[in-house]
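Let's take a walk through a structure together. Keep the sequence and the 3D view side by side as you read.

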Amino acid sequence: MTAALCNLSNMTVRYGGRTALSDVSLNLMAGERLAIVGESGSGKSTFVRALAGLLPRGAICDGQVHWASDQAPRLGRDIGFVFQDASASLNPLLRIGEQVAEGAKRHLGLTWQAAYDHAQALLEQVRIANAPAVMRAYPHQLSGGQRQRVAIAAAIASRPSILIADEATSALDTVVQADIVKLLDELVSKNAMTLLFVTHDIALASNLADRIAVFKHGHLVEIGPVADVLSKPRSSDTQDLIAGHFDLTSPPLIAEVATS
Amino acid sequence: MTLLSVENLRKHYSSGDRDVAAVDGVSFSLSAGETLGIAGASGSGKSTLARLILRLAEPEAGTIHFEGQNWLALQGAKLRGNRARMQMVFQDIHGAFHPTATVGSVLDDPLRIHRIATKKDRPGEIARLLDRVGLAAADAHRPVHQLSGGQRQRVAIARAISTRPSLIVLDEAVSALDVQVRNRILKLLVELQREQGISYLFISHDLAVLRAVSHRLAIMDTGRIVEYGRTTDMIDSPQSAAGHALVSAVPRLTLAGRPKNTV
Ligand SMILES: Nc1ncnc2c1ncn2[C@@H]1O[C@H](COP(=O)(O)OP(=O)(O)OP(=O)(O)O)[C@@H](O)[C@H]1O
Ligand SMILES: Nc1ncnc2c1ncn2[C@@H]1O[C@H](COP(=O)(O)OP(=O)(O)OP(=O)(O)O)[C@@H](O)[C@H]1O
Ligand SMILES: [Mg+2]
Ligand SMILES: [Mg+2]
C-alpha cells in the first residue's frame, strides 16, 4: 500500500437537480482494502459507480479521476464490479456457468473448456455446493445468497486488479460471509488486488479493511486507517455509526415473551 | 392464540441433474404478537419456506393454518381478499416494483385495492406511512428506481404495513440498511407489534438483529429446522452444529482494526 493507484479530485455527481456526491477527493492506494461506510442514501454506490464509469444515464459528473497507469483500467477486465443488487447484474437467460466463464474467456484468452473449468473452481471458492450442477442452472433457480456469490465469482473471473464490491456480502450467512471475506483478503494479499468494499456493517469493515471512508449526505466526512477512524473518530457521523452497531450482547428491543 | 401453524411442509426442486429438497418437512407455530426468527446457511430453504407460506409457491405436502383458516385451500377471489392479512418484505427489491412506479403509487395501490382509505384520505395516509419509515412526504413523487437501495427497502416496508396485516414475512428485509435506519425500522416493527399485535416471521442472516427482535428462533439446515427455542438461550449456547457455526462466525467490531500481516 504505497503508490496511489488513482487520485480523484472534486468529484461531484448530480442526478437531475439532486446532488448525490459533493466535491469528493481521495487517493486510492494500490493493493489496499478500502471500506466505504455511511448511512443509506449517503452516496456510497454513486461514488463507486462514478469511479468505475458506471453511472446511470442522466447522471452528471464533474471532477477528475486520474489513474497512475497510462491507460485507464477497463471495466470487466481490470475492474470487477459486484452490484448491490446481485440479481440485476446476472443475465436471467444465461446459465450460471456461461456467465462466470464469459469474462474469463474474453479477458484471459482461455478456451471455453478452460474458462468453464476456471468458472467451476471459482464457484467452489465462493462455497457453492454441487458446483457442476449449479453451472447448468439459471439465476432464478438459486437462492439470494447463491446468486450473490455467483455475482462475486463472475466479478473476479477475469482476475481484475481492482475489485469493487457494493454490499456484496450483505445477505450471506455469517459462515459463508467469513469464507468470502477470507477469499477477498487473499486476492488482495496474494494477487495484489485493490479492494473497494461498500458495507453498512462496521464490524465487517473493521475485520477486512486497511482504511475506512465515511460518507454522509454525499460528502466524504472522514477517511483514515481503520484503527484511527474507529477508536478516535473525528466526525460525529462516524461516532453515530459506531454507537448504532449492535452485537450479540446488546439488549433486545422486545420484552421477554410469556411462555405459551 | 395461534396465528399461523405449519405442519410438515415440503417442497423440492429438480432441474436437469440438480435435485434439491428445499423445504424438507418443516413444522412450527407462531402466536399473535410473536416474532419467530429464522436463520440458516445460504441455500438452507428459508426463502422457499417464506414463499410457501405466502402462497407464491405450492408445497408438495403439508398444511398451513392462518387466522383459523385452511390457508392452502383458499383460491381465487377468496385468497386475494385475504392477502392483505399477510404481507411481505423481501430483500430482493429488484423487480419488486414496477419500473416507472412512483413511491406514492406504490403505496396508493394497496390502500385503494384493499379499501383501507378513501381517495380523499389516501395522500394523508401515504404521508403518514412515509414518515413512519423515515422518508419525507415529498418523496411520494419520486420514481422508485431513483432511490438508493436502503430507501427502496423502506418503501417496501411502508407498503407492507399499509394494509394493517396480522403477519408480515420479512426476508433479509433490513440486511442492506445502515445501522441508523435499520435500528429505526426495527423499533418501528416492534412498536407496531406492541400496538397492533402483528406477528413476524423474520428471516435474517444477522443474528444480532434476530436477537434484538425475535422471541423464538429456528435454525434451518438443508431444508429442515435443526434447532428451535428461545432466541437468547439459543444464541448464548447453540446446541446444533449449524447453530454453533453461525454464532461463532459473527464478525466482531474490533476498534483497533485487523491484526497486521494476516493471511
Ligand atoms: N438513478 C438515480 N436517479 C436519481 N437519484 C438517484 C439515483 N441513484 C441514486 N439517487 C439518489 O442519490 C443519493 C445517493 O444514492 P446512493 O445510491 O449513492 O446511496 P447509498 O449510499 O449507496 O445508499 P444505500 O446504502 O441505501 O445503498 C440518494 O439520495 C438517492 O436517492
Ligand atoms: N426455482 C427454483 N428452482 C430450482 N432450485 C431452487 C429454486 N428456488 C430455490 N432453489 C434451491 O432451493 C434451495 C433453497 O433455496 P432458498 O432460496 O430457499 O434458500 P435460502 O435459505 O433462502 O438461502 P439464502 O440465504 O441464500 O437466501 C437452494 O439450493 C436453491 O438453489
Ligand atoms: Mg448503495
Ligand atoms: Mg433467501
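This is a predicted model: local features need pLDDT of at least 70, side-chain atom pairs count only at pLDDT 80 or more; totals for chains, interfaces and linings use all residues.

Start with the boundary between chains A and B: here 60 residues of chain B are in contact with 63 residues of chain A. The size of an interface is often given as the accessible area lost when the parts come together. For chain B and chain A, that buried area is about 5100 Å², with 54% of it on carbon and sulfur atoms. On the chain B side, B:Arg18, B:Leu253 and B:Arg258 lose the most area to chain A, together 14% of what that side buries.

Now look for charges that pair up. Across this interface, the rule finds one salt bridge. Its partners are A:Asp185 and B:Arg258, whose closest N and O atoms are 2.7 Å apart. There are also 19 residue pairs in polar contact between the two chains. Among the elements of chain B that touch chain A, α6(B) gives the most, with ten residues. By class, this side of chain B has 23 nonpolar, 22 polar and 15 charged residues.

Next, find ligand 2. It is surrounded by 20 residues, and the closest include A:Ser143, B:Arg18 and B:Ser42. Because residues from chains A and B surround ligand 2, the site is shared between chains. An oxygen atom of ligand 2 lies 2.6 Å from a side-chain N or O atom of A:Ser143. For B:Arg18 the corresponding distance is 2.5 Å, and for a polar side-chain atom of B:Lys46, 2.8 Å. Taken alone, ligand 2 exposes 640 Å², and the protein buries 92% of that.

Terms used
Residues are numbered from 1 along each chain as its sequence is written. Chains are lettered from A and ligands numbered from 1 in the order in which they are written. Side-chain values use heavy atoms; hydrogens and water are left out. Contact means heavy atoms within 4.5 Å. Buried area is the accessible area (1.4 Å probe) that two parts lose on being put together, summed over both. A salt bridge is a side-chain nitrogen of Lys or Arg within 4 Å of a carboxyl oxygen of Asp or Glu. A polar contact is a pair of N or O atoms within 3.5 Å; within protein, one must be able to donate a hydrogen and the other to accept it, and residues adjacent in sequence count only if both atoms are side-chain atoms. Helices (H or I, at least four residues) and strands (E, at least two) are DSSP runs, numbered from the N terminus. Ala, Val, Leu, Ile, Met, Phe, Trp, Tyr, Cys and Pro count as nonpolar, Asp, Glu, Lys and Arg as charged, and the others, Gly among them, as polar. A residue is near a molecule or strand if one of its heavy atoms lies within 4 Å of it. Accessible areas come from the Shrake-Rupley method with a 1.4 Å probe; for residues, only the protein chains shown count as cover.
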